[in-house]
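Here is a short report on one chain. Look over the sequence and the model first.

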Amino acid sequence: MKSGYCDEVLPGAQNAFENHQSGGTSWAKFSFLEMLDAQRAFFQNRILYVRALANYQRLVNTIEQLIAGSLADSAGDSARLNNQGKEHIQ
């Protein structure tokens with residue numbers, strides 16, 4: 001489930017938002033609308049990522065119901081992937 005989305009898109013959007021928010025040296029170069037656009041992009045991408053994680057967990061639960069067992073027992077990746085997702089959300 002690890003993808004370029006959580007490795008590239010979210011950090012890029014967050015950096016753009018934080019640069020505008022912190023009032024750093026680049027603040028004078030950007031308009032208020034550009035700051036709002038960076039904020040919107042960051043929050044929108046974060047929402048999409050959280051929705052993808054929720055959808056993934058829902059599908060894992062459906063598969064576990066169908067096989068009447070835990071995927072963590074058979075694959076060992078479920079807990080690791082869930083923990084990775086939680087780290088990226090913070």
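## A buried charge

Glu 64 is buried but forms no salt bridge. Its nearest oppositely charged side chain, Arg 58, lies 13 Å away. Buried means under 20% relative accessible area, exposed over 50%, and partly exposed in between (1.4 Å probe, protein chains only). A salt bridge puts a side-chain nitrogen of Lys or Arg within 4 Å of a carboxyl oxygen of Asp or Glu. For charge, Lys and Arg are positive, Asp and Glu negative; His and the chain ends are not counted.

Glu 64 sits in helix 2, residues 32-67. Leaving out residues up to four places away in sequence, Glu 64 touches Gly 69, Ser 70, Leu 71 and Ala 72. A contact means heavy atoms within 4.5 Å.

## About the model

The model is predicted: local features need pLDDT of at least 70, side-chain atom pairs count only at pLDDT 80 or more, and totals for chains, interfaces and linings use all residues. Numbering starts from 1 along each chain as its sequence is written, and side-chain values use heavy atoms, without hydrogens and water.

## The chain overall

The chain has 4 helices and 0 strands. Helices (H or I, at least four residues) and strands (E, at least two) are DSSP runs, numbered from the N terminus. Of the 90 residues, 20% are buried.

Take the contacts between residues at least 6 apart in sequence: 65% join residues at least 24 apart.

## An aromatic pair

There is 1 aromatic pair in the structure. The ring centres of Phe 42 and Phe 43 are 5.1 Å apart with planes at 50°, so the pair is tilted. Rings of Phe, Tyr and Trp (its six-membered ring) pair if their centres lie within 6.5 Å; planes under 30 degrees apart are stacked, over 60 edge-to-face, the rest tilted.

Phe 42 is buried at 6% relative accessible area. Phe 43 is partly exposed at 39%.
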